[in-house]
Structures are given as C-alpha cells and as structure tokens.
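Open the model in your viewer and keep the selection panel at hand.

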Amino acid sequence: MWNAIDHQSKHHVKVLPIRRWLAYVAAILMIVGSVGIYKLHEKQQVYTIDTYAGPTIKAGHTGATLTLSDGSTIDLSNAKVGELLTKQGMTISKNGQGVVVYSQNSSIKGVSEVIKNTITTRNGEIYQVVLPDGSKVWLNAGSSLTFDSDLLNSEKRIVQLIGEGYFEVSKRDKPFIVRTASQQVRVLGTHFNINAYSESKGLVRTTLVEGRVNVVTTKGEQLIKPGSRLLTDAVISTSTSKIPKTYLPGRTDILKLTGNFPR
C-alpha cells in the first residue's frame with residue numbers, strides 16, 4: 001500500500017509543475033496575441049466619412065513664419081511692430097495686436113514680379129493675418145496658407161490651405177477660392193472654417209458659420225447652408241450635420257483667440 005501511495009505522490013509531484021508551466025505559456029500567448037491583434041488593427045485603421053474626427057493638434061501661443069518666393073523668411077513671432085516689407089506694390093506690416101496685415105496698392109498694374117507668400121504655423125502656434133483684399137484668416141496649429149501678392153488685382157482671389165483655417169472673406173465681386181489637396185471652396189463673402197490636415201488622408205471638413213459656400217471636388221460639388229458642416233473625400237460626400245450654436249456669430253471671437261476651432 002505504501003508503495004502505491006508513494007507512486008501516486010511521485011506522479012503528482014511530477015505532473016503539477018508541467019500544468020503550471022502550461023498555464024504560464026497559455027497566459028503569455030494570450031497577452032502576445034492580444035497585443036499583436038491590437039497593433040494590426042492600429043496599423044490597418046482607415047478613417048472614413050463616418051468615423052473621422054480630425055487630428056488632435058493643440059494650439060498654444062501666437063506665432064508663425066512667413067516665407068517669400070525667393071526663400072527668404074521672417075519670424076513673425078519676434079518681428080517688431082511696424083512695417084516689415086514693401087515690394088512690388090505690396091506692404092507687409094505687423095500691428096500692435098500682433099496681426100500681420102497686407103496692403104496692396106490697387107492703382108499699380110502689371111507688376112514685374114508676383115510674390116508668393118506662405119505663412120506657416122508650427123505645432124503649438126496659431127496666427128492671424130489680414131490678406132491684401134481685406135479678408136481675415138486665423139490659422140490653427142500645424143497649418144500653412146499660401147497666396148500671391150497680387151490677390152487684390154487678380155480675377156480670382158485664390159489661396160492654398162494646408163491644415164486648418166477660419167476665414168472671414170471680404171465681400172467683393174471677385175470670387176474667393178480656398179484650395180486644399182482634395183477640394184476647393186468658392187465664395188464671395190462669408191465666414192467659414194476648413195480642416196484639411198495632411199494626416200486626415202484626404203478627408204476635409206468645411207464648417208459654414210455665415211453666408212454660403214460651394215464645395216467642389218473632382219467628382220462633384222455641393223452648397224452648404226449656414227450652421228452646417230460638410231465632410232468630403234476625393235468623392236463628394238453627403239455627410240452634412242448641424243454645428244452647435246456656440247460656433248455661430250457672436251461666439252467666433254472666442255474660437256479665434258483660443259484656437260478652439262469649430263469641430
């Protein structure tokens with residue numbers, strides 16, 4: 001009998017560590033598998049019209065860099081108040097509120113050189129600029145706005161946006177066009193916001209506060225009504241929604257000053 005008990009005892013001592021070892025291995029495999037599935041899902045994640053919320057790029061202090069056609073740059077953050085540059089009938093100055101203001105002599109025709117201007121904000125920077133036609137633009141962090149010096153005298157007022165900007169377009173007979181990588185917005189005079197960060201992979205969100213805009217892509221076009229936003233990709237989207245009342249006129253100053261642009 002003692003031999004039998006001794007045999008069973010040895011058998012249990014021998015098997016127990018194997019079971020524990022198998023349990024440890026199973027637990028490790030489950031953890032590794034879960035991490036692998038998460039990473040695979042994260043890597044293959046694709047933004048869609050329904051899930052897009054836009055990149056999270058926090059704004060901070062006022063600051064930007066101006067780059068001209070010849071490659072020269074002006075650090076607008078540290079530039080002194082007053083006139084910064086006068087060239088080809090265009091004057092660039094910085095006012096006491098830190099806003100860069102462009103003024104163009106409309107009487108000067110056929111300038112010998114059109115100067116391309118690009119205002120860029122780094123992550124953590126926001127900036128306001130008044131364009132030659134009087135239109136106002138608030139750039140969010142990690143964005144850039146490009147326009148020509150003869151904007152006022154051109155048949156079409158065309159600007160190029162990367163990132164996010166809030167626009168208050170001056171009312172003139174000439175159309176104002178904002179181009180992004182995948183769409184263009186055509187207006188005459190209105191208040192609106194465009195979110196077109198490169199991280200959005202072609203998705204662009206246009207939010208209309210006041211007036212009327214026409215959004216055009218390679219596949220179609222659509223008008224937006226005040227108080228609505230439109231989300232587009234390469235193909236025109238019917239994804240429209242109402243925006244909160246806090247984004248309507250009367251609250252826009254808070255959006256501009258804090259960098260909390262319409263979402």
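The largest cavity holds about 40 Å³ of space, where a cavity is a set of points on a 1 Å grid over the protein atoms alone at which a 1.4 Å probe fits but cannot get out, and its volume is the space filled by probe spheres set on points joined across faces, edges and corners. This is a predicted model, in which local features need pLDDT of at least 70 and side-chain atom pairs count only at pLDDT 80 or more, while totals for chains, interfaces and linings use all residues. Residues are numbered from 1 along each chain as its sequence is written, and side-chain values use heavy atoms, with hydrogens and water left out.

Select Leu68, Ser69, Asp70, Lys87, Glu113 and Ile115 to display the lining of this cavity, lining residues being those with an atom within 4 Å of a point.

Turn next to the salt bridges, of which there are three, each defined as a side-chain nitrogen of Lys or Arg within 4 Å of a carboxyl oxygen of Asp or Glu. Select Asp148 and Lys116, whose closest N and O atoms are 3.1 Å apart; Asp148 sits in strand β10 (residues 144-148) and Lys116 in strand β7 (residues 116-120), 32 residues apart, strands being DSSP runs of E with at least two residues, numbered from the N terminus.

Then select Glu125 and Arg122, which meet in a salt bridge at 3.0 Å, N to O. Glu125 is buried at 3% relative accessible area, whereas Arg122 is partly exposed at 47% (buried means under 20%, exposed over 50%, partly exposed in between, with a 1.4 Å probe and protein chains only).

Finish at Asp133 and Arg157, a salt bridge with its closest N and O atoms 2.6 Å apart.

How values were computed. 1 Å grid on protein atoms, 1.4 Å probe; cavity = no way out; pocket = protein on both sides within 12 Å on 5 of 7 lines; lining within 4 Å. Helix = DSSP H or I, 4+ residues; strand = E, 2+ residues; numbered from the N terminus.
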